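Have the model open while you read.

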Amino acid sequence: MTTGELNSVLDSTAAVSAACAAADDVDRNGRFPFEAVAALRDAGLLSASLPAEYGGRSSSIAELSSVARELGAACSSTAMIFAMHHSQALTLRFHATSAASVELAREIAHSEALLASATTEITTGGDVRSSTCAVETDGGSVHLEKNAPVISYGEYADYICTTARRGPDSPPGDQVLVVCPRTETTLTKTSEWDTLGFRGTCSPGFMLSTDTSADHVIPADYATISAHTMQPSSHTLWAAVWLGIADAAVAKARNEVRKAARRSPGSVPPQASRFADLLVLHQRFESAVTDGISRYEAFLASGDTEPTIGFSVAMNNLKLTASTAVVEVVAAALTICGINGYRENHPASMGRLLRDSYGPALMVSNDRIRANNSQLVLALRG
C-alpha cells in the first residue's frame with residue numbers, strides 16, 4: 001500500500017507529526033504521549049478498527065499495521081499504545097455479538113475512546129490464559145477485583161478490558177473479558193514504571209476494582225477471543241511497530257552513509273558495505289511482517305472462528321522473529337553511525353531506538369512464547 005492509498009483511508013499525518021515532536025520528551029520524562037494520542041483521536045484513528053456501521057472505519061489489519069509502522073518510526077511508545085488499543089477494539093469488532101455489547105462498541109467508536117487491557121495477574125506468572133480473580137454477579141451488575149502487574153496506560157484509558165474467571169466457582173482457564181469503564185473503576189498503583197524503553201506506555205502495576213453493568217461482559221469465551229483476535233492482532237500490530245523502529249534506524253544510518261559519501265566525492269565510504277548488509281536484515285524483517293499480516297488477513301477472510309494449530313504457531317513465530325530482528329537492525333545501524341549514533345544529542349542518536357528495541361523480547365516473554373509453541377507443535381500434523 002502506498003502512502004497516498006494509506007492516507008485516503010487513514011490520515012495519520014497529524015498523529016505522526018505529533019508523535020515525532022514529542023518522542024524525545026516522552027522518552028526522557030517517561031510520560032504519556034498526550035499530544036500524539038489526541039491527534040489520533042482527532043483523526044478518527046482510535047475508532048478505525050471498529051465496524052463502519054458502528055461509527056468506525058472497518059479498517060483492515062494491513063491498514064492498521066501501516067499506521068502502526070509509521071508511528072513506530074516516529075515514537076515507539078505512541079505506536080505501542082495504538083497497537084495495544086486496537087487489539088482490544090478488534091475484540092469488540094469480532095466478538096461483541098449481543099445487543100448490549102454492540103451498543104457498547106458503538107459508544108466507544110462514537111467517543112473515540114482509548115482502550116487498555118489487564119490480561120495478566122500477579123498470581124499467574126504472566127499466563128494470560130489463566131485467571132485467579134473472578135467476576136461476581138449481582139443481578140444486572142458485576143464486581144471484579146484484579147491484582148495486575150502491568151496495565152499499560154491504564155491511568156489514561158477510557159476503558160480497561162480485563163480478563164477474569166467467569167464466576168467464583170469457575171476453573172482458572174474458564175475466562176471472560178469485561179470492558180471496565182474508567183469512570184466505574186478504581187486503580188490503586190502497586191508499582192512504578194521506570195524502564196529502559198517504551199517509557200511513554202506508562203505501564204505500572206495496579207490493583208483494579210470495578211463495579212459495572214453485566215452488559216460489559218463480552219459474550220464470547222476468552223479462549224475464543226484470544227485465539228481468533230487477541231493473539232494474532234497483537235503479534236501483527238506489534239511487529240509492525242517494531243518494523244517502524246527498524247525503519248527509523250535504517251534512515252539514520254542511510255543519512256550518515258550519504259554524508260560520508262559527500263565528504264569524499266568519487267569514492268565509496270567504508271560504511272557503504274555495512275549499510276548494504278543492513279538492508280538485507282531490514283528487508284528480511286519486512287518480508288516476515290508482510291507475510292504475517294497477509295496470513296492473518298487470509299484467516300479473517302476465511303470466516304473461520306477457530307484458527308489451526310499451524311496458524312497459531314506462525315503468529316507466535318512472527319512475534320519471536322520480529323522481536324529479535326529489531327535488535328539486529330538497530331544494533332547494526334548504530335555500528336554504521338558510529339560515535340554520532342552513540343551520542344544522545346546528535347540527529348543520528350540511536351539511544352531511544354536501541355533501548356526500545358530490547359523491549360519486544362521481554363513483553364510477553366519470548367521464553368513463554370517458545371514454551372507455548374513447544375506444546376502446540378506436539379499436536380501439529382504435517
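Glu-286 is partly exposed, since its relative accessible area is 27% (buried is under 20%, exposed over 50%, partly exposed in between, with a 1.4 Å probe and protein chains only). Its side chain forms a salt bridge with Arg-69, with 2.9 Å between the closest N and O atoms; the term takes a side-chain nitrogen of Lys or Arg within 4 Å of a carboxyl oxygen of Asp or Glu. Keep in mind that this is a predicted model, where local features need pLDDT of at least 70, side-chain atom pairs count only at pLDDT 80 or more, and totals for chains, interfaces and linings use all residues. Residues are numbered from 1 along each chain as its sequence is written, and side-chain values use heavy atoms, leaving out hydrogens and water.

**Glu-286 and Arg-69**

- Glu-286 sits in helix α8 (residues 271–302) and Arg-69 in helix α4 (residues 61–74), so this pair ties together parts 217 residues apart in sequence. Helices here are DSSP runs of H or I with at least four residues, strands are E runs of at least two, and both are numbered from the N terminus.
- Arg-69 counts as partly exposed too, because its relative accessibility is 24%.

**Glu-155 and Lys-189**

- The side chains of Glu-155 and Lys-189 meet in a salt bridge at 3.7 Å, N to O.
- This one also links distant parts of the chain: Glu-155 is in the loop between β3 (141–148) and β4 (159–165), while Lys-189 is in strand β6 (residues 185–189), 34 residues apart.
- Glu-155 is partly exposed at 36% relative accessibility, and Lys-189 is partly exposed at 39%.

**Around Asp-25**

- Asp-25 and Arg-31 pair up through their side chains in a salt bridge of 2.7 Å, N to O.
- Asp-25 counts as partly exposed because its relative accessibility is 30%, whereas Arg-31, at 19%, counts as buried.
- Together with Glu-35, Asp-25 and Arg-31 are linked in a network of salt bridges.
- Over the whole structure, a search turns up 14 salt bridges.

**The nonpolar patch**

- Ile-309, Val-377, Leu-378 and Leu-380 make up a nonpolar surface patch with about 350 Å² of accessible area together. Areas come from the Shrake-Rupley method with a 1.4 Å probe, and for residues only the protein chains shown count as cover.
- Patches take residues with over 30% relative accessible area and no salt bridge, joining like charges within 9 Å and nonpolar side chains (Val, Leu, Ile, Met, Phe, Trp, Tyr) within 5 Å.
- Leu-380 lies in the segment after α12 (366–377) and is partly exposed, at 36% relative accessibility.
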